[in-house]
Amino acid sequence: MPPMPNRWKPNVTVSAIIERDGRFLLVEEQTADGLRLNTPAGHLDPAESPVDACVREVLEETAYSFTPTALVGIYMNRFVRTRTGSDITYLRFAFTGELGMHHAHCALDDGIVRSVWLTLDELKATAHLHRSPIVLESVQDYLAGQRHDLGLVHADSSIYRPPQPTPAVPQDAGATLDDVLAQIH
């Protein structure tokens with residue numbers, strides 16, 4: 001089969017919904033569209049599970065340790081980039097969990113101006129400044145009690161090593177799919 005031209009690949013991201021004393025941890029970040037608010041979030045890196053990516057992103061963007069304990073939801077959004085006009089889709093895994101120690105000595109990621117703690121009312125009032133509509137939607141899902149076991153997100157050990165070609169099946173390997181299915185029916 002010839003390769004598929006223009007294969008669509010959404011950008012996979014992670015985010016953390018962190019509540020403390022009725023306030024949510026957000027970051028104020030510099031974007032091509034000016035200052036925006038976002039939950040601590042970022043892209044999934046190679047050789048990294050979504051849970052590991054979330055831990056890393058929270059530390060890089062807020063200087064807090066974070067331990068994910070549940071998946072709040074998986075979200076998709078699409079928009080056109082202001083700088084390039086390109087059509088982009090994000091697939092975001094939003095986690096919640098336990099906030100750990102603040103590491104004041106850690107520098108924040110490039111573009112992150114500061115972290116802020118906002119109430120739900122403040123989040124709603126600043127919706128026009130959110131990086132995406134997923135920010136408020138995921139916080140509202142969190143407040144509604146939406147939680148899924150982390151076991152829902154699987155990362156095969158193959159992500160931690162260089163990719164391997166799929167092994168060829170020898171011509172004399174034995175039964176075909178039809179043979180195996182016929183035996184169990």
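A residue counts as buried under 20% relative accessible area, as exposed over 50%, and as partly exposed in between. Keep that scale in mind. The structure above is a predicted model.

Start with Leu 181. Its relative accessibility is 36%, so Leu 181 counts as partly exposed. Where does Leu 181 sit? It is found in helix α4, which covers residues 177-184. Leu 181 also belongs to a nonpolar patch on the surface.

Now turn to the charged side chains. How many salt bridges does the structure hold? There are eight. Three of them are worth a walk through the model.

Take Arg 23 and Glu 122. These two form a salt bridge, and their closest N and O atoms are 3.1 Å apart. The pair links distant parts of the chain. Arg 23 lies in strand β3, residues 23-31. Glu 122 lies in helix α2, residues 120-125. In the chain, 99 residues separate them. Are these partners buried or exposed, or something in between? Arg 23 has a relative accessible area of 33%, so Arg 23 is partly exposed. Glu 122 has 32%, so Glu 122 is partly exposed too.

Next comes Arg 114, which forms a salt bridge with Glu 28. The closest N and O atoms here are 2.6 Å apart. Arg 114 counts as partly exposed because its relative accessibility is 45%. Glu 28 counts as buried because its relative accessibility is 16%. The cut-off for buried is under 20%.

The last stop is Arg 56. Which residue does Arg 56 form a salt bridge with? The partner is Glu 57, and the closest N and O atoms are 2.9 Å apart. Arg 56 has a relative accessible area of 18%, so Arg 56 is buried. Glu 57 has 6%, so Glu 57 is buried as well. This pair is part of a network of salt bridges. The network links Asp 45, Glu 48, Arg 56, Glu 57 and Glu 60. Find Arg 56 in the model, then trace the other members of the network from there.

Methods: Residues numbered from 1 in each chain as written. Predicted model: local features only at pLDDT ≥ 70, side-chain atom pairs only at ≥ 80, totals over all residues. Heavy atoms only, no water. Patch = residues over 30% accessible without salt bridge, like charges linked within 9 Å, V, L, I, M, F, W, Y side chains within 5 Å. Areas by Shrake-Rupley, 256 points an atom, 1.4 Å probe, with all protein chains shown as cover. Salt bridge = Lys/Arg side-chain N within 4 Å of Asp/Glu carboxyl O. Helix = DSSP H or I, 4+ residues; strand = E, 2+ residues; numbered from the N terminus. Buried < 20%, exposed > 50% of the residue type's maximum accessible area, 1.4 Å probe, protein only.
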